[in-house]
Amino acid sequence: MKNLSPLARIGIKAALLFALFNFLYVLIQPLDLLNQISIYNWLVPGRARLPFADYPESSFNLTLNSLDQMIVSHQIARPKAPDEYRVAHLGDSGVWGYLLKPDQTQAACLSDLKVHTPDGRVVRAYNLGYPKLTVVKDLLILRRALRYQPDLIIWSVSLASLYPGDQLDFTVIRAHYDEVKALIDQYGFNFPEWVQISPPTLWDRSFLGQRRAAADWLRHQMVGITWAATGIDHVMPVFVPPHPTNLLPDDNVLSVNPIQLRETRRFTPDDLALGVIAAGVAEAKALNVPIVIINEPIYRSPNHDLRYNTYYPKWAFDTYREAMVEAARVEGWFYRDLWDAVGSDQFTDTDFHLRAEANCAFAQQLRTALQEFWVSP
Amino acid sequence: MTLAGIALMIGGALIARLIPRWRLELLWVGSLIALFGLQQENGLWGAALPAFTLLLVIGVWVIIQKRPTPEDRLHLGLIIGIGGALTVLSLILSGQPPAETLMVLPAAGLVVLGGLNVGALIRDLPHPEADSARKRFALLGIVGIIGLLAILKLPTLQGAVNSLVQADGADRLIGWVGFSYIAFRLMHVLLDYRIGRVTAVSLRDFTLYSLFFPAIPAGPITRLEQFHKELQRELPTKPLASDEVLQGLVRIGIGLLKKFVLADTLALIALTPNTAAHSSSTAILWLMVYAYALQLFFDFSGYVDIAIGIGRIAGITLPENFKAPYFQRNLTQFWNQWHITLSTWFRLYFFMPFSRVLMSTPLKSQRALVILLAQVATMILIGLWHGAALNFVLWGTWHGVGLWAHKQISDRLRGWDGFVSNRPRLGQLITVGSVIATFHFVAVGWVFFALPNLDLIGHTLAGLIGR
């Protein structure tokens with residue numbers, strides 16, 4: 001060492017220190033702790049919906065991979081008011097409110113209705129939707145929502161969120177590999193993709209491997225200030241492409257076992273990831289939190305014989321609805337099929353995204369579902 | 001500059017340093033390559049802008065050179081050869097249509113092959129002994145460079161020029177990376193030449209001075225005589241054992257931290273047209289202004305730290321550009337420590353001559369007015385150097401008037417110096433207060449700098465005072 005130049009000595013010492021730091025980092029995993037901490041609900045208000053951004057710079061928002069950090073920066077993480085009946089609303093981009101402002105989402109509209117429970121509490125709904133069609137993601141969010149004393153959970157699903165083969169190909173879910181693995185082991189989910197997903201390596205657990213996640217944590221706190229100042233969390237495009245009306249002249253459905261389905265032309269409960277919903281219901285039930293399951297509204301083409309929309313051929317969606325009713329009956333779920341509760345002229349760019357007014361009108365249907373649940377859970 | 005680009009530059013500087021015999025030649029070739037590699041434009045402009053920059057540098061050297069040596073002729077040939085090859089490479093890499101590239105290739109190939117022989121032609125280049133003729137060329141060069149800067153900074157002019165080349169050119173702005181700095185180096189040389197102060201240097205050294213690769217993207221604006229002295233400096237024989245390389249690496253580390261951690265993080269909450277338009281809280285607006293002030297400092301000084309660090313590794317000391325500017329007691333001191341090489345340039349080549357001109361007019365009896373006009377005009381020009389827009393004029397005016405006001409106030413308060421110096425506590429209190437006041441004056445000035453239109457500026461300034 002003495003014969004080395006100062007530069008080489010410093011280089012070797014720096015490399016050794018850095019290696020030691022990374023070793024300790026792998027052991028301690030400080031990001032897990034850091035992701036429980038947030039300036040939201042403390043220095044700045046909590047967010048009305050989970051962080052997600054197509055255009056981070058202009059929307060004062062960014063897409064995170066840590067669900068823990070997402071939930072602690074959400075309004076639901078603040079203390080519950082004494083007269084509050086806390087409702088957590090899970091679902092996809094339709095629930096999150098893509099192309100809508102935070103105060104135009106279904107949860108916001110439901111809160112605005114100021115619904116009173118039979119015991120006099122006021123319903124306060126929290127938007128925990130996230131723009132991805134997978135119920136595993138909903139289950140992970142549900143498990144975190146349960147930390148914040150919800151009185152009830154509304155879980156909006158659709159056929160596309162229940163394809164077993166499409167549950168895991170999503171960065172946020174891959175970032176929670178250990179938790180998903182534990183759930184699969186506990187509940188015996190059968191996801192064909194699971195074998196293709198690799199567990200996190202030593203590199204993934206090191207500081208170098210997690211540098212992006214660490215930077216995202218910091219960025220998320222910083223944009224909290226500009227978000228609080230502007231109230232903007234989603235960039236509205238000047239032009240929204242019209243809803244596609246030229247549907248393909250076929251009745252194919254993507255993403256599910258096509259050979260088997262082509263033969264049977266029927267969805268059964270076994271063809272859907274209903275075990276995930278059952279797991280969510282069980283976890284919530286353990287804490288005495290009931291779940292209302294909603295089959296969310298979809299666009300229905302008025303002039304196509306084979307398809308309802310770009311996602312669903314009629315045979316697939318109709319048999320899915322039957323399968324959901326059957327599963328709800330067998331499992332004892334409180335289930336409402338609101339697939340046609342919104343007129344087809346009330347959709348924006350996709351088969352699930354509603355206009356602001358339609359969202360608030362749909363919130364009244366959610367209120368009805370809640371009132372029915374209170375009468376007959 | 002990306003991290004990969006910085007890593008390449010560090011590698012280039014280290015390689016050059018490890019081969020002392022060829023150090024300057026390697027740095028010179030590296031600078032030529034960097035000139036092309038750093039351009040962000042694609043297509044024709046991506047190749048044309050650096051090629052044109054090279055021609056401009058050669059042109060200025062031709063004006064100031066005494067008599068070319070065989071070495072100069074060799075380097076001229078090499079520049080043409082390497083520049084030609086890099087131009088062709090830029091065209092190919094930027095995905096120009098194959099037909100166009102194929103058309104360019106034979107011509108460029110001839111240039112590459114003939115490049116070494118072209119140097120011989122320089123013997124016949126005119127290098128008139130008559131200074132007056134050269135000075136006219138120098139003046140022409142200065143006017144030409146100012147014209148190019150005007151095209152670069154004025155979107156309308158740029159669109160007009162661009163539309164001559166590209167079908168959708170009028171709507172696109174051209175990014176000529178580093179030209180603002182290269183232009184000011186060349187103008188300094190031409191202006192000094194006109195007053196007989198320029199150092200005659202070889203073509204290689206002059207090209208290296210104009211295009212030294214770490215200083216292309218964000219300066220500093222070095223002076224030829226200083227840079228030339230650096231090139232002639234004796235370096236330790238064992239480069240890796242020297243403190244200089246270590247100091248360079250540390251400086252680069254500081255620069256990376258400033259630029260990629262501090263500045264990029266502060267950018268998330270800094271004042272922008274978007275945040276200003278949607279914010280009305282006084283506290284948040286102040287926070288955004290502070291964040292912008294710090295972001296600007298860390299971003300710019302971070303780049304300069306990286307450039308200085310790479311320069312140190314290469315064995316060339318570049319001048320400092322920022323010396324704790326936000327800890328200065330008054331605006332004059334701030335401008336002595338903020339973007340030092342640019343403000344020195346304007347002081348030497350505009351403020352002083354312009355003040356002399358004004359003092360030779362009937363205005364000379366009104367000294368305060370002369371200073372006001374010279375300060376405001378200088379600061380407006382510094383503003384326009386950043387971009388030809390009204391907000392930069394306002395920013396320049398804000399600082400020009402501020403500098404003038406500081407001069408007037410400090411002249412009137414000079415009598416109090418003795419009183420304060422006998423009371424150290426009071427002196428400390430005044431120092432702290434002055435630093436805070438100066439920082440806030442500069443920070444509010446950044447509102448003009450950051451926001452492009454008057455409505456937003458008005459909205460933000462009103463928000464800052466709670467209205």
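**Stop 1: a salt bridge in chain A**

Select A:Glu322 and A:Arg266: the two form a salt bridge, with their closest N and O atoms 2.6 Å apart. A salt bridge here is a side-chain nitrogen of Lys or Arg within 4 Å of a carboxyl oxygen of Asp or Glu. Side chains of opposite charge can pair when their charged atoms come close. This pair links distant parts of the chain, 56 residues apart: A:Glu322 is in helix α14 (residues 314-331) of chain A, and A:Arg266 is in the loop between α12 (258-264) and α13 (274-285) of chain A. Helices (H or I, at least four residues) are DSSP runs, numbered from the N terminus.

Are these two residues buried, partly exposed or exposed? A:Glu322 is partly exposed, with a relative accessible area of 40%, and A:Arg266 is partly exposed at 37%. Buried means under 20% relative accessible area, exposed over 50%, and partly exposed in between (1.4 Å probe, protein chains only).

A note on the model before going on. This is a predicted model, in which local features need pLDDT of at least 70 and side-chain atom pairs count only at pLDDT 80 or more, while totals for chains, interfaces and linings use all residues. Residues are numbered from 1 along each chain as its sequence is written, chains are lettered from A and ligands numbered from 1 in the order in which they are written, and side-chain values use heavy atoms, with hydrogens and water left out.

**Stop 2: two further pairs in chain A**

Select A:Arg143 and A:Glu179. Their salt bridge has its closest N and O atoms 2.8 Å apart. The pair joins distant parts of the chain, with A:Arg143 in helix α7 (residues 135-145) of chain A and A:Glu179 in helix α9 (residues 177-187) of chain A, 36 residues apart. A:Arg143 is partly exposed, at 26% relative accessible area, whereas A:Glu179 is buried, at 16%.

Next, select A:Arg86 and A:Glu84, whose side chains meet in a salt bridge (2.7 Å, N to O). A:Arg86 is buried, with a relative accessible area of 1%, and A:Glu84 is buried too, at 8%. Over all chains, the whole structure has 36 salt bridges.

**Stop 3: where chain A touches chain B**

Show both chains. Here 15 residues of chain A are in contact (heavy atoms within 4.5 Å) with 16 residues of chain B. Which elements give two or more residues to chain A's side? They are α1 (6-28) and α11 (211-230) of chain A. Of the elements, α11(A) gives the most, with eight residues.

How many salt bridges lie between chain A and chain B? The count is zero.

**Stop 4: a leucine in chain B**

Select B:Leu394, in helix α17 (residues 390-413) of chain B. B:Leu394 is partly exposed, with a relative accessible area of 26%. Leaving aside its neighbours within four places in sequence, B:Leu394 is in contact with B:Phe448, B:Leu454 and B:Ile457. To finish, draw a distance between the C-alpha atoms of B:Leu394 and B:Leu454: the two residues are 60 residues apart along the chain, and these atoms are separated by 9.7 Å.
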